[in-house]
Amino acid sequence: MNRRKLLPSFSTLFSKRLCIGTLTVLTASCSVSGGDTSAGHAPLLEMKRAASTHEMADPRSARTDEQPSTGTLNTRIALGPKAFLIDIKSPEYIGDATSYIDERVQRSKAGDSQASYEIHARVASCKRALDPGDDGEYKVYSSMGLAEQFSRRIEEEIENCKAIAERTDITGENWLSLAAAQGSIEARLMYAQNPRAAIGDLTDVLSDPSRLIDYRRNVVEYLSESVSSGNVDSIEALANIYDRGIVAERSYTKSLGYWMALQRVHPSQYSTESISRLFSSMQTEQIIHAQELSSDIYRSCCERLSIDNPTHQE
């Protein structure tokens with residue numbers, strides 16, 4: 001039996017939450033995946049949920065060879081005239097990975113951020129298939145009588161990915177960074193959560209410290225731009241970033257401002273608890289400043305400009 005990490009090409013049944021990063025100490029981003037998104041949608045980024053970086057899924061739900069591979073299945077969940085959440089769902093890949101990627105390369109080169117993001121996701125799936133994992137997932141499926149299907153699906157993905165190693169034009173590009181730079185909100189959320197994928201490991205950073213400086217600046221810029229486009233997940237990411245003080249300089253005033261804006265557009269127990277915690281440790285002037293900042297964030301994210309009067313907020 002080939003016991004390797006579970007691929008993201010399986011549909012999610014056993015876990016409705018998919019953590020998308022590897023270093024949860026930064027923003028601990030998680031997304032709702034595979035569940036009913038019509039009500040009770042949880043925020044994409046919740047730092048108190050630190051789960052594994054892959055999903056727990058049922059091999060019985062995988063597509064057959066007669067069914068085509070799908071691209072990313074992400075959908076936007078409207079929270080108002082402008083604000084939205086992203087429901088990140090895991091693609092189901094069938095067939096040769098290089099063919100899937102080649103279909104998107106020209107669009108990526110032309111500046112299509114979605115094509116670049118889909119290439120990144122496909123390459124990442126191959127890397128996970130080729131990376132030996134622990135026996136945890138295998139044991140779960142074995143206890144359900146699904147061990148053979150689990151191993152067979154992993155082996156299929158390895159076969160689909162084997163040609164990638166010979167393609168330096170694919171392996172030599174950082175598709176996540178490219179997609180983020182091109183404007184993909186999904187890629188920017190992943191970029192913020194997964195510094196290893198964005199800038200490499202510690203050895204890479206030590207050999208070129210400017211990588212980390214650029215990364216920290218890019219994260220804040222990317223997420224701020226995503227907030228302005230209406231993405232509520234990015235509000236929570238920045239609230240956590242300023243609360244923790246790792247990617248950006250710690251600022252409880254900014255953190256509270258983002259938490260209060262999030263609470264206004266998409267309240268949750270976690271944002272309520274975070275606001276209460278920060279309130280108890282801040283001075284009155286700081287809280288007033290945070291409230292003003294919160295109003296600015298909310299207007300930027302969640303109010304659409306009137307066509308007749310661009311200076312008027314609906």
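Predicted model: local features only at pLDDT ≥ 70, side-chain atom pairs only at ≥ 80, totals over all residues.
Let me begin with two helices, H6 (residues 175–182) and H7 (residues 185–193), whose axes come within 8 Å and cross at roughly 125 degrees. Axes here are lines fitted to C-alpha atoms, for helices over the stretch in contact, with angles running from 0 to 180 degrees between N-to-C directions, while helices (H or I, at least four residues) and strands (E, at least two) are DSSP runs numbered from the N terminus. Residues are numbered from 1 along each chain as its sequence is written, and side-chain values use heavy atoms, with hydrogens and water left out.

H6 and H7 are therefore oblique to each other, given that angles under 35 degrees count as roughly parallel, over 145 as roughly antiparallel, 65 to 115 as roughly perpendicular and the rest as oblique. Their crossing is left-handed, meaning that the near helix is turned anticlockwise from the far one by less than a right angle, clockwise being right-handed. In contact terms (heavy atoms within 4.5 Å), Leu176, Ser177, Ala179, Ala180 and Ala181 of H6 meet Ala187, Arg188, Met190 and Tyr191 of H7. Seven of these contact residues are nonpolar, one is polar and one is charged; Ala, Val, Leu, Ile, Met, Phe, Trp, Tyr, Cys and Pro count as nonpolar, Asp, Glu, Lys and Arg as charged, and the others, Gly among them, as polar.

Turning to H11 (residues 232–244) and H12 (residues 252–265), their axes come within 8 Å and cross at roughly 155 degrees, which makes H11 roughly antiparallel to H12. This crossing, too, is left-handed. On the H11 side the contact includes Ile235, Leu238 and Tyr242, and on the H12 side it includes Tyr258, Trp259 and Leu262. The residues of this contact divide into 11 nonpolar, two polar and three charged.

What aromatic pairs does the structure hold? There are five, where rings of Phe, Tyr and Trp (its six-membered ring) pair if their centres lie within 6.5 Å, and planes under 30 degrees apart count as stacked, over 60 as edge-to-face and the rest as tilted. Tyr242 and Tyr258 are stacked, at 6.0 Å centre to centre and 20 degrees between the planes. Because Tyr242 lies in H11 and Tyr258 in H12, the pair ties together parts that are 16 residues apart in sequence. Both tyrosines, Tyr242 and Tyr258, are buried, that is, under 20% relative accessible area, with exposed being over 50% and partly exposed in between (1.4 Å probe, protein chains only).

Trp259 and Tyr270 form an edge-to-face pair, 5.4 Å centre to centre with 75 degrees between the planes. Since Trp259 lies in H12 and Tyr270 in helix H13 (residues 269–279), this pair ties together parts that are 11 residues apart in sequence. Both Trp259 and Tyr270 are buried. Elsewhere, Tyr191, Tyr215 and Tyr222 form one aromatic cluster.

Finally, a single residue and the chain. Ser108, in helix H1 (residues 97–109), counts as buried at 2% relative accessibility, and beyond residues up to four places away in sequence, Ser108 touches Ala115, Ser116, Ile119, Trp175, Leu178 and Gln182. The protein chain has 14 helices and four strands, and buried residues make up 51% of its 314 residues.
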